[in-house]
Amino acid sequence: MPPSYREIPPESRRALRQGLAVALATSAYGISFGALGVASGLDIWQTCVLSLLMFTGGSQFAFVGVIAAGGLAAAPAAIASSALLGVRNVAYGMRMSAIIGGGFWRKALAAPFTIDESAAVALAQTQPHARRWGFWVTGVGIYAGWNLSTLLGALLGDVLGDPRAYGLDAAAAAAFLALLWPRLRGRQAVAVGIAAAIVATALTPALMPGIPVLLAAVVAIVVGWFNWLVPPVRHAGAEGER
């Protein structure tokens, strides 16, 4: 029997609340994908199958964007763009493996839910059990909400008009910023965020979808690895040894 809300440790309750909030904000944006998918020429069922099986927002938008511009003849390019954007989830999977724990089947079950949002909420926690709560609540919550909102957007179609007019495209970004902001406490963390953002923003108009994200990740790794802005640690007793 699952524990009641009061029986859950405070850290895990906080992760649960954050996961549900992020799931709600991100799922709302699924309406945009449903409407844009139908507008690009896909059927309602094709649009919904993309959300059920692909389930990575950036890759899905890249796919329908290329299809809308070039029709079915552009399907190979759409698949390539989607695959490039989905590569980042492999890196999330390596990081989430230790958090999820368990054997092969638990990791296999977690694979579809290993996305930007579930990784972000999990890593925002400090306790192992809270990280697991954050991962599962966010991943499963977004999967359910995203697919329901995709169906709603596909059914409504042109009735919605331009979904971006409702500001839904900013919901996921706002949720990410809320998770990221408390972690920007040191100069090194700020430098990593700024460097990655500059690279992604500058290269997005020039390169195919997916590549700017990967290059921004490389920049973040390089800046974070060398710790250029972190002052050296001074060991106790160093003053007296001089």
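Thr47 touches Phe33, Gly34, Gly37, Val38, Leu42 and Thr150, residues up to four places away in sequence being left out; contact here means heavy atoms within 4.5 Å. The structure is a predicted model, in which local features need pLDDT of at least 70 and side-chain atom pairs count only at pLDDT 80 or more, while totals for chains, interfaces and linings use all residues. Residues are numbered from 1 along each chain as its sequence is written, and side-chain values use heavy atoms, with hydrogens and water left out.

Thr47 belongs to helix α2; helices (H or I, at least four residues) and strands (E, at least two) are DSSP runs, numbered from the N terminus. With a relative accessible area of 0%, Thr47 is buried, where buried denotes under 20% relative accessible area, exposed over 50%, and partly exposed the range in between (1.4 Å probe, protein chains only).

The protein as a whole contains 12 helices and 0 strands. Of its 242 residues, 35% count as buried. Its accessible surface amounts to about 13,900 Å², of which 70% belongs to carbon and sulfur atoms; accessible areas come from the Shrake-Rupley method with a 1.4 Å probe, and for residues only the protein chains shown count as cover. Among contacts between residues at least 6 apart in sequence, 71% join residues at least 24 apart.

Two packed helices are described by the angle between their axes and the distance between the axes. Axes are lines fitted to C-alpha atoms, for helices over the stretch in contact, and angles run from 0 to 180 degrees between N-to-C directions. Helix α1 (residues 10–39) packs against helix α2 (residues 44–53) at an angle of about 135°, the axes lying 9 Å apart. This angle makes α1 oblique to α2; angles under 35 degrees count as roughly parallel, over 145 as roughly antiparallel, 65 to 115 as roughly perpendicular and the rest as oblique. The crossing of α1 past α2 is right-handed, a crossing being right-handed if the near helix is turned clockwise from the far one by less than a right angle, and left-handed if anticlockwise. At this contact, Phe33, Gly34, Gly37 and Val38 of α1 meet Ile44, Thr47, Leu50 and Ser51 of α2. The residues of the contact comprise 4 nonpolar, 4 polar and no charged; Ala, Val, Leu, Ile, Met, Phe, Trp, Tyr, Cys and Pro count as nonpolar, Asp, Glu, Lys and Arg as charged, and the others, Gly among them, as polar.

Leu50, which also lies in α2, is buried at a relative accessible area of 14%. Beyond residues up to four places away in sequence, Leu50 touches Phe33, Leu42, Phe55, Gln60, Phe63 and Val64. Leu50 and Gln60 stand 10 residues apart in sequence, and their C-alpha atoms are 7.0 Å apart in space.

Thr150 counts as buried at 0% relative accessibility. Apart from residues up to four places away in sequence, Thr150 touches Gly30, Phe33, Gly34, Thr47, Cys48 and Ser51.

Helices α2 and α8 pack at an angle of about 165°, with 9 Å between their axes. The two helices are therefore roughly antiparallel, and their crossing is right-handed. The contact involves Ile44, Thr47, Cys48, Ser51 and Leu52 of α2, together with Tyr143, Trp146, Asn147, Thr150, Leu151, Ala154 and Leu155 of α8. By class, the residues of this contact divide into 8 nonpolar, 4 polar and no charged.

The axes of α1 and α8 come within 6 Å and cross at roughly 25°, and these two helices are therefore roughly parallel to each other. Helix α1 passes α8 in a right-handed crossing. The residues of the contact of α1 with α8 divide into 17 nonpolar, 14 polar and 1 charged.

The buried residues of α7 are Asp116, Glu117, Ser118, Ala119, Val121 and Ala122. Ser118, found in α7, counts as buried at 0% relative accessibility. Leaving aside neighbours within four places in sequence, Ser118 is in contact with Phe113, Phe135, Thr138 and Gly139. The C-alpha atoms of Ser118 and Phe135, 17 residues apart along the chain, are separated by 4.7 Å.
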